[in-house]
Amino acid sequence: MTHTAFNQRLQQRRKARCLTQQEVVDQLFVSRKTVSSWETGRNLPDLFMIQRLAAIYRTSVDDLLGTAARSVTRPVTMLGPALILSILLVSAAWNNLFAMDFGLQLVYLLTAVVLIIPVATAGGTWYRRQRNQQVRG
């Protein structure tokens, strides 16, 4: 956060609400010199004052600070349950290797493999996406 960008945002938000510095002073119970020093960039308000300024200017703290609130959205997938189910199926087939009929073992193992494939491919996609985000940001 640079001082100049922050102080300009403070001044712009105050003017957008058609408030004078004196009106802000009256609401915050600080001196006019304090508000002036914030808007000229000589000093910065503390976090409590930034919250109060955001409320007075009817904006968010993120907007005042110039930080964009990033929303992290993840696609809804069934990869976790699929992985657990595939592990259970493989372990069941392995534990009952000689007690089960060959056809039943084959069904267990094929089902487990079919469930593992999307998990494995999604894991690689997730890894590439995370790596690309680190390189960009």
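1. Phe29 belongs to the loop between α2 and α3 (32-40). Its relative accessibility is 72%, so Phe29 counts as exposed (buried means under 20% relative accessible area, exposed over 50%, partly exposed in between, with a 1.4 Å probe and protein chains only). The model is predicted: local features need pLDDT of at least 70, side-chain atom pairs count only at pLDDT 80 or more, and totals for chains, interfaces and linings use all residues. Residues are numbered from 1 along each chain as its sequence is written, and side-chain values use heavy atoms, with hydrogens and water left out.

2. Cys18 also has a positive phi of about 60 degrees, although it is not a glycine. This residue sits in the loop between α1 (3-16) and α2 (21-28). Cys18 counts as exposed because its relative accessibility is 66%. As background, most residues other than glycine have a negative phi.

3. In α2, the buried residues are Gln21, Val24, Val25 and Leu28. Viewed down the axis of α2, they fall within an arc of 105 degrees and so line one face of the helix; the arc is taken over the directions from the helix axis to the C-beta atoms. In general, an α-helix has 3.6 residues a turn, so residues three or four places apart point the same way.

4. The whole structure contains two salt bridges, a salt bridge being a side-chain nitrogen of Lys or Arg within 4 Å of a carboxyl oxygen of Asp or Glu. In one of them, Glu39 pairs with Arg14, with the closest N and O atoms 2.6 Å apart. This pair links distant parts of the chain, Glu39 in helix α3 and Arg14 in helix α1, 25 residues apart. Both Glu39 and Arg14 are buried.

5. Asp63 forms a salt bridge with Arg13, where the closest N and O atoms are 2.8 Å apart. Here too distant parts of the chain are linked: Asp63 is in helix α5 (residues 61-65) and Arg13 in helix α1, 50 residues apart. Asp63 counts as partly exposed because its relative accessibility is 29%.

6. Val90, Leu109 and Ile116 make up a nonpolar surface patch with about 210 Å² of accessible area together. Patches take residues with over 30% relative accessible area and no salt bridge, joining like charges within 9 Å and nonpolar side chains (Val, Leu, Ile, Met, Phe, Trp, Tyr) within 5 Å; areas come from the Shrake-Rupley method with a 1.4 Å probe, and for residues only the protein chains shown count as cover. Ile116 lies in helix α7 (residues 102-136). With 35% relative accessibility, Ile116 counts as partly exposed.

Notes: Helix = DSSP H or I, 4+ residues; strand = E, 2+ residues; numbered from the N terminus.
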